[in-house]
Amino acid sequence: MGKVPVITIDGLSGAGKGTISKMLCIELGWNILDSGALYRTLTYLIEEKEIDVNSFLKNKDDLIKDFEVTFQIGSVGEPVSVFLKDTDITNLVRTEEIAEKTSALSSLKVIRDFIRPCQRAFKQPPGLIADGRDMGTVIFPEADLKIYLTASLEERAKRREIQLKRLGTKVNMRILLDELEARDKKDIERDLSPLKPAEDSFVIDTTGLCPEEVLEKIKVLYRSLK
């Protein structure tokens, strides 16, 4: 097998990682890794098997047998669909309850050590778009192109507001801003794999830009590497 190209898309929550990653996959015909959804799926599986975190290592072999995750890109504007052993669990893992539990689990070294080879396994021909928070710094340091997306807090809150209203959820903008700010602080200051741009990454501020404009910037960067 020849060299498999990788583009990593890291950045702040609400900066546009998911949307841009999907658009790039459609444009290039590559595979996608939604790292956050992978962590959510592991959390879901641990819950289903009623495994205590303290006994995680004892159940590691059993978990790895059932941890067969695939993604389907679907339409732009919607989250990547998540399949566990060919069963669509998208609606089961994209809940606030799973998100909160995943946040706690993903900070543990034993969990990150378990999931890293699973993330690396998505590096398959013809190429991979890896969406996450430590894709360029930790998981794929050899990536051909590393992108770090950022945007103002207000812009990201507005985007989240649109998503939530589309789902029929009432939104308090002050609470939304506080939650995003707290999420940023937690991601940036965590001990394991803190959120930061890789030294060789290209930082793109998506504030005021439409997804197509961001996509074009990344395509220009990728073409310049060839």
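1. The structure is a predicted model, in which local features need pLDDT of at least 70 and side-chain atom pairs count only at pLDDT 80 or more, while totals for chains, interfaces and linings use all residues. Residues are numbered from 1 along each chain as its sequence is written, and side-chain values use heavy atoms, with hydrogens and water left out.

2. An open sheet is built from three strands in the order β3-β4-β5, with antiparallel pairing; helices (H or I, at least four residues) and strands (E, at least two) are DSSP runs numbered from the N terminus, and two strands pair if DSSP finds at least two bridges between them. Its edge strands, each pairing on one side only, are β3 (69-72) and β5 (87-88). Four bridges hold β3 and β4 in the antiparallel sense, with V69 opposite L84 in β4, whereas strand β4 (residues 81-84) is joined to β5 by two bridges, and F83 stands opposite D88 in β5.

3. Helix α2 (residues 35-48) packs on this sheet and touches β3 and β4, its direction making about 40° with that of β4; contact here means heavy atoms within 4.5 Å, and angles run from 0 to 180 degrees between N-to-C directions, the axes being lines fitted to C-alpha atoms, for helices over the stretch in contact.

4. Leaving aside neighbours within four places in sequence, L38 is in contact with residues including V69 and F71.

5. D66 lies in helix α3 (residues 60-66), and its side chain makes a polar contact of 2.7 Å with that of K49 (a pair of N or O atoms within 3.5 Å; within protein, one must be able to donate a hydrogen and the other to accept it, and residues adjacent in sequence count only if both atoms are side-chain atoms).

6. The axes of helix α8 (residues 153-166) and helix α9 (residues 173-189) come within 9 Å and cross at roughly 120°. Among the residues that meet are L153 and L164 in α8 and M173 and L180 in α9.
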